[in-house]
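Thank you for making time for this. I would like to walk through one structure slowly, for those who have not seen it before.

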Amino acid sequence: MTEQRYAIIGAGPSGLSAARALQKQGVSFDGYEASRGVGGLWDIQNPRSTVYESAHLISSRTTTEFREFPMRSTADYPGHRELIAYFREFADRFGLTGLFRFETRVTSLARTDDGGWMLHAEGPHGSVEQRYDGVILANGTLAEPNVPTFRGEFTGEVLHTSAYKTATQLTGKRVLIVGAGNSGCDIAVDAVHHAASVDMSVRRGYYFVPRYLFGKPSDTLNQGRPLPARIKQFVDTRVLRAFTGDPVRFGFPQPDYRLYESHPIVNTLILNHLGQGDLRIRADIDRFDGRTVHFRDGSSGEYDVVLMATGYTLDYPFVAREELNWTGWSPKLYLNVFPPAFNGLFVMGMIEASGIGWQGRYEQAELVAAYLSALDHHPDRAAAFRARVAAEPWPDLTGGYRYLGLERMSYYVNKDAYRRAVRAATETLTTDAVATTPRRGIRRPSLARRRAKGVAA
Ligand SMILES: Cc1cc2nc3c(=O)[nH]c(=O)nc-3n(C[C@H](O)[C@H](O)[C@H](O)COP(=O)(O)OP(=O)(O)OC[C@H]3O[C@@H](n4cnc5c(N)ncnc54)[C@H](O)[C@@H]3O)c2cc1C
C-alpha cells in the first residue's frame with residue numbers, strides 16, 4: 001500500500017497541534033505557512049497577525065498551554081513575546097519546524113479524480129503544486145476583519161483592530177472605539193494614556209470577568225466537574241456582581257442575555273478607567289457625517305479616528321465553500337472538524353470558546369490523527385465512525401448555554417462539552433469498543449474521567 005500523505009495549512013497553535021498529533025501517530029505530512037515561522041497570530045511580525053504590542057493571554061497560562069509542554073514562564077497571563085518564544089520552543093523541541101515550508105501561502109485546493117486534493121501554493125521559489133490524500137486547514141479564525149457599514153461617510157481615519165499595533169497610533173486623537181469585546185477593551189485601556197479622548201460605542205451590555213478571583217487566575221477556579229449551566233450562571237453572576245459591581249453604573253447597557261451566552265470580557269481595567277472618567281460609553285452608531293458620529297440615542301460626537309473592534313469573519317479562501325458545508329455564517333462540521341461528506345478536508349481551530357486553550361485545540365488534532373491512523377490501520381473503525389456521524393444526532397456542544405444568534409457565536413462551543421465529545425470520539429477510533437451516542441452527546445465517562453485526572457489512556 002502506498003503511504004498516505006497529508007498537508008497542514010498554517011503553523012499557528014492549531015497547525016502545530018496537528019503536526020504534533022500526526023507525528024505521534026506516524027502519519028506523514030507537509031506543512032505550509034504563509035508567514036516567516038511558527039506561532040500564528042502570536043508572531044506580531046506575521047502580516048496576518050492580529051495581536052498588538054500590549055496583547056497578553058486572556059485565559060491563564062496553565063489552562064491554555066499544551067499539557068505535554070508546560071510554559072517556563074511564571075506569569076499567569078504572559079504577553080505575546082513570551083508566547084511566540086513558547087511556540088518556537090515547542091516546534092523545535094518536537095522537530096516540527098523543519099516539517100513546514102515557510103513564506104509559502106496556499107492559494108487553492110482542488111479535488112483530484114482519485115479522491116485526493118491538489119494543493120497550489122506560492123512560495124519564495126515560485127509556485128508549488130502537490131497532491132495529497134487529505135488536507136488539514138489550520139489557517140486561523142481571527143484574521144479576516146469583520147467591518148460593519150453605517151449610513152453616511154466618516155471623513156476621519158477608519159481603522160479595524162487588525163490594523164492596530166501600538167497605542168501611539170492614537171496619540172493626540174479623538175478616538176471612538178466601536179465594540180467592547182476583549183480586543184476593544186484592551187485597546188481602550190491602551191488608548192486612554194495616549195489619545196486626546198476615548199469613547200466606546202456599544203450595542204449591548206457585557207459581563208466583565210476579573211483576571212483574578214480570590215487571589216487566583218479566575219479560570220483556574222472550579223476546574224473539576226463542571227456545574228450545570230443554570231447553576232453556574234446563577235453562582236458566577238453573583239460572584240461577578242460582588243467583585244466588579246454592576247457595569248450599568250459605568251454607562252454600559254444592561255445585558256439582554258445571561259452570563260456565558262456570549263464571550264465574557266476578561267478585563268476590569270476598563271471599568272477602572274470609566275470610573276476615573278478616562279473614557280465614556282456611547283450608544284450604538286446611527287450614522288456618520290464628516291467627522292461627526294450620530295448615535296442612536298440622539299447624541300453625537302466629533303472624532304478623528306473610528307476604530308472598529310468588530311471582530312473577524314471566518315475565511316477559507318482557497319477552497320470552494322460547498323466543500324466545507326458552509327451553512328449561514330460558518331461551515332457546519334462534525335465536532336467543528338469534519339465535513340459530513342468526509343471529503344478528506346479537516347478543519348482545525350474553528351472553535352470559539354471560553355477557556356479551551358491550546359490543549360483543547362491539541363485534543364482536536366488527536367481526533368484528526370486518530371481518524372487518519374484508523375483509515376490506514378483500522379478501516380473498520382474509521383467506517384464505523386463515518387456511519388455514526390451520518391446516522392446519529394451530532395453531540396450537543398453548547399453545554400446547555402443558549403448562545404446569542406450572532407456570527408461570532410455561530411461556531412462557539414462550551415469547552416467542557418466540546419472536549420468531552422472530542423475525547424469520546426477519539427476513543428471510538430483508538431479502541432475496538434463499540435460506541436453508542438447518548439442523546440446529549442457521544443460520551444464515555446470512564447475515559448473522560450481518567451483523562452481529567454491526568455491518567456494516560
Ligand atoms: C488579542 C488576542 C488575544 C487572544 N487571547 C487568547 C487566549 O488568551 N487564549 C486562547 O486560547 N486564545 C486566545 N486568542 C485566540 C487565538 O486565535 C488562539 O490562541 C490561536 O492563535 C489560534 O491558533 P490557530 O493556529 O488556529 O490560528 P492562528 O494563530 O491565526 O494561525 C494561523 C496560521 O495560518 C497561516 N495561514 C493563513 N492562511 C494561510 C495560507 N493560505 N497558507 C499558509 N498559511 C496560512 C497564518 O499565517 C497563521 O500563521 C487570542 C487572540 C487574539 C487576537
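How many bridges link strand S7 and S22, and in which sense do the two pair? Before I answer, please keep in mind that what we are looking at is a predicted model. Strand S7, covering residues 134–137, and S22 are paired in the parallel sense, over three bridges, and within this pairing Val 135 stands opposite Leu 345 of S22.

This pair belongs to an open sheet of five strands, which has parallel pairing and the order S3-S2-S1-S7-S22. Strand S3 (100–101) and strand S22 (345–347) are at the edges, where each has a single partner strand, so one side of each is left without a neighbour in the sheet.

Let me turn to a hairpin elsewhere in the chain. Strand S15, residues 285–289, and strand S16, residues 292–295, run antiparallel and are joined by four bridges, and Asp 289 has Thr 292 in S16 as its bridge partner. Two residues lie between the strands of this hairpin, in which Gly 290 takes a positive phi near 65 degrees.

Finally, the ligand. There are 34 residues around the ligand, and those that come nearest are Gly 10, Gly 12, Gly 40, Gly 140 and Gly 349. Sorted by class, the shell around the ligand consists of 16 nonpolar, 15 polar and three charged residues.

How values were computed
Residues numbered from 1 in each chain as written. Predicted model: local features only at pLDDT ≥ 70, side-chain atom pairs only at ≥ 80, totals over all residues. Pairing = 2+ DSSP bridges. Near = placed C-beta within 6 Å. Nonpolar A, V, L, I, M, F, W, Y, C, P; charged D, E, K, R; others polar.
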